[in-house]
Amino acid sequence: MSDKKSRKKVPYTDRAKRQRRWFFFFISPWLFGFLAMTLGPMIYSFAMSFTDWDMFTQMNFIALDNYKQAFTDSRFLISVKNTFIYTFMSVPVNLLLSVAMAYLLSFRLKGMKVFRTIYYIPAVVPAVASCVLFKNILATKGILNQGLALLGIQGPRWLLDKECVLGGFVILALWTVGSTMVLMLSAINSVGEELYESAHLDGATRFQMFKGITIPQITPIIFFNLITGIIGALQTFTQVYMLTDGGPDYASSMIVPYLYKNAFSYYRMGYASSMAWILFAIVMVFSLIVMKSSTMWVFYEEEVK
Amino acid sequence: MKKKKMAQVCAMALAGAMLLTGCGNDAGQSSGSGSSTAEDSQNSQNSQESQAPADSQEESSQESGGDAAADGEEVTISFTHWGGDGTYEGVYQPRIEAFMEKYPNIKVEVITVADDYETKIQTQFAGNKLPDVCQVAENGIGFATKGMFLDLSDRIQSNGIDTEALWSNVIDQYTYDGQIFGLPDRGGCTIMYYNKDLFDDAQIPYPDKDWTLDDYFDAIQKLTKDTDGDGVIDQWGTTSTHYQAIWGYMFQANGGNLIKDGQVVVNSPENLELLTKYNDAYQNGYVVSYEELEQANQGGDAYFQQGKLGMNLTGMWCIKGYSEEEGLNFDITTVPKGIQDAGWPMGSALTISAKSDPAKQEAAWTFIQYMTSAEAQAMLGDGIADCPANLETLSSDAFVNQQVNGRDLSLDIIGTSMERVTIDGLFRGPYYQEIIDEARNQMKEMLLGRLTPEQCLETMQKNFEEILSRY
């Protein structure tokens, strides 16, 4: 603390100035990209959300009409609902599975590296390719239902039944669990050996150690994956676009595909922008809730007094 | 504490970044623009584009450079179309080269758009960079209502172009508010393919131009069979699910419409009568089911190619592929008739940008006039590179009597089919895309057994009206 104070009083030396310049020089590509490609369009889309722009004709200011329309547009509300259901199903399942898998893969057994690679491979496959693959897997007489039939279970028409289609998307989401798993694995591997050793001396069982040491130690990473997972799920696009295009009868329609359709198929750029900002608000609210809750369950070593 | 703050900041930054990138995340491929023609044909793998032959490979560089013409000032116009290199080489290149030879002072620069065609020209228009000549199909009307294209009516009149003789009703698809905004270039409409061997087996006489919808619904039942006796149907009458080029034309043939004079008229007794038959055929298993198509992961067009279908109603684009299939003994005919002439248009037209400068507009007019002329259209029809829109070309001996992969097919029915085309009110407003999306959605709901034909039409009526109220 004292160090900080003293630095404030002293004016910047030439060296510090030069360093600052270099700093901006090095981040300038990113900074430029952010301003031109991200912040600019963002501001523009915010302004557009109050207009009826169709990309062709004069835009007219229509105040909050787009937002009002969104809240009475049953198709948009269904899309929001579907997005929420999908998020609440896919994110927890994904986290549980990735922790469990990472834990199992953290054991130092022979050939473990091979297994790690195998479980990570799906994460490398491009989303579009996995979608094509899952179109076959989730087909009514596809591989998944053929497998279920062996167990005597009559599988549903995953992509044709309204009740099952989101479930099908969750199954597809689990396919890419590898990317989360890798982060969990590295967190588990960096948990201090001495903690386990002392627990072992105290006679703790493996499960107790997992519950009392591993999990608390990796909560920051779980927290990170939770936030990014929620955001990612709320923005689901590719799967819907590739597999069902929102069907059957909007049962798998989600926010981003729906706004994309409005913008680029029906030329309602203003309306689409307002939906994008509603999504932004939703993402913010979710992120804030999760961050606020983090004090209750996320463990940071620095906090240990 | 520091680490926690960092995590929070990181998460926040990521939240922002991911949100912002979200919208651009269109990793998927959009079905270009000819969508409702080739690609929507029940997931047809045999799209029009992929079948276009690469017959003339030479000198594709000519359009960008070349020698300046001696006479007149040189003008360069740009032309954009959707599809791949194959489409360009098969459908456009020969005609464009012939054009530039004939009019040496006009250079044509071609922009081939493989994907997301509509989005692309929409953005180009917004940025004042729209090519001088654009290919449009059903999407054209939506653009035309926004003032994107030049009104060609006066030019058509002063050049003495007889739209009735050349294109019949098809011109209506490219007319908005009494103004013609495009000249029909590539033609086509729903035609019927039938498997002669399966018809022989079922002892049904071959269909002809006078076949009716009753004959059709009767025949698909007789053509549906379990050929190997394992208790599972493996040969079907047809494949007709939610593809509008099938049920849409049938509605009209039966005296109905989706939209007429700007009013939604889909919920009519005529349509209900037709739809009930259509739905019964599916529910009775005479039509390849969604479950079946899903499992095989192929479109209905492929089933016909494999000899598993008695009939297939789709665009002309299957002719080449089917005629290459040695064991497939097939021919084509007009789609079954109802109480009135009907046909679903599948072609495209050439337009001129309203924002091009006058000199280029003049050159562009010369260009599209040439492209749609008898001379150029004959090149298009030669070898069935694609279906010419020009009715005179379609009825010419050269087109009708040519062989396709060594086969004699009833190519004369293409002209007849085109003459029968009627344009539903659906094509006359900017709402085409949204209405057709919704119609397909409800059709699928009905076929999957979640709606009765009555409910299907009621829902369509209600939802179409709501859509129209937004335009």
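**Strands and helices of chain B**

From strand β12 of chain B, the residues B:Ser348, B:Leu350 and B:Ile352 point one way and B:Ala349 and B:Thr351 the other way, and all are buried, where buried means under 20% relative accessible area, exposed over 50% and partly exposed in between (1.4 Å probe, protein chains only). In a regular strand the side chains alternate between the two faces of the sheet. This is a predicted model, in which local features need pLDDT of at least 70 and side-chain atom pairs count only at pLDDT 80 or more, while totals for chains, interfaces and linings use all residues. Residues are numbered from 1 along each chain as its sequence is written, chains are lettered from A and ligands numbered from 1 in the order in which they are written, and side-chain values use heavy atoms, with hydrogens and water left out.

Strand β12(B) covers residues 348–352, and five of its five residues are buried. Helices (H or I, at least four residues) and strands (E, at least two) are DSSP runs, numbered from the N terminus. Strand β3 (residues 133–136) of chain B pairs with β12(B) in the antiparallel sense over four bridges, pairing being assigned if DSSP finds at least two bridges between two strands. Strand β6 (residues 183–186) of chain B is joined to β12(B) by three bridges, also antiparallel. B:Ala349 of β12(B) stands opposite B:Val136 and opposite B:Pro184.

An open sheet of chain B has three strands in the order β10-β7-β11, with antiparallel pairing. Strands β10 (311–314) and β11 (330–333) of chain B each have a single partner strand and stand at the edges, so one side of each is left without a neighbour in the sheet. From one strand to the next the twist averages 25 degrees. Strand β7 (residues 191–195) of chain B pairs with β11(B) over four bridges in the antiparallel sense, and B:Tyr193 has B:Ile332 as its bridge partner in β11(B).

Turning to the helices, the axes of α9 (residues 213–223) and α11 (residues 269–283) of chain B come within 10 Å and cross at roughly 15 degrees; axes are lines fitted to C-alpha atoms, for helices over the stretch in contact, and angles run from 0 to 180 degrees between N-to-C directions. Residues in contact (heavy atoms within 4.5 Å) include B:Phe217 and B:Ile220 in α9(B), and B:Leu274 and B:Tyr278 in α11(B).

Helix α10 (residues 244–253) of chain B contains B:Gln244, which is buried with a relative accessible area of 0%.
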